[in-house]
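Work through the exercises below with the sequence and the model at hand, and try each task before reading its solution.

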Amino acid sequence: MSIVTRLHTDGGDLVVRLPWRWALAPRRRSVRLPLEFVDEVRVEPHWWRAVRPHPGPCYRFRPGRWCVGELEHSRGRTSPP
């Protein structure tokens with residue numbers, strides 16, 4: 001099974017065309033985003049690295065219950081919700 005997301009520009013928008021399985025949650029096949037809000041686009045060979053930031057040295061969590069600490073990502077650090 002291949003999971004391929006296609007990107008293209010249409011006027012001043014970035015259009016993300018989702019695979020059919022990913023399109024089930026938002027109930028739409030494509031998502032549009034104005035290009036003025038796009039800072040960076042890159043290809044990540046492992047999809048899970050893009051959606052899973054690195055936990056900081058003092059990050060502790062129990063899935064679905066609580067989390068304490070900071071997450072490290074490409075733009076710095078952030079506190080969990």
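A salt bridge is counted here when a side-chain nitrogen of Lys or Arg lies within 4 Å of a carboxyl oxygen of Asp or Glu. The model is a predicted one, in which local features need pLDDT of at least 70 and side-chain atom pairs count only at pLDDT 80 or more, while totals for chains, interfaces and linings use all residues. Residues are numbered from 1 along each chain as its sequence is written, and side-chain values use heavy atoms, with hydrogens and water left out.

**Exercise 1. Find how many salt bridges the rule gives, and which side chains meet in them.**

Step 1. Applying the rule gives a count of 2 salt bridges.

Step 2. One of them joins the side chains of Asp 10 and Arg 32, with an N to O distance of 2.8 Å. Strands, like helices, are DSSP runs numbered from the N terminus (strands: E, at least two residues; helices: H or I, at least four). Asp 10 belongs to strand S1 (residues 6-10) and Arg 32 to strand S3 (residues 30-34), so this pair ties together parts that are 22 residues apart in sequence.

Step 3. Arg 32 also forms a salt bridge with Asp 13, where the closest N and O atoms are 3.4 Å apart. Because Asp 13 lies in strand S2 (residues 13-17) and Arg 32 in S3, the pair links parts that are 19 residues apart in sequence.

Step 4. Through shared partners, the salt bridges join Asp 10, Asp 13 and Arg 32 into one network.

**Exercise 2. Decide whether Asp 10, Asp 13 and Arg 32 are buried, partly exposed or exposed.**

Step 1. Take the cut-offs: buried is under 20% relative accessible area, exposed is over 50%, and partly exposed is in between (1.4 Å probe, protein chains only).

Step 2. Asp 10 has a relative accessible area of 40% and is partly exposed; Arg 32, at 45%, is partly exposed; and Asp 13, at 22%, counts as partly exposed.

**Exercise 3. Work out the strand order of the sheet and which strands are its edges.**

Step 1. Two strands pair if DSSP finds at least two bridges between them. S1 and S2 pair in the antiparallel sense over 5 bridges, and S2 and S3 are antiparallel over 5 bridges.

Step 2. The result is an open sheet of 3 strands in the order S1-S2-S3, and S1 and S3 are the edge strands, since each pairs on one side only.

Step 3. To place residues in this sheet, note that His 8 stands opposite Val 15 in S2, and that the bridge partner of Val 15 in S3 is Arg 32.
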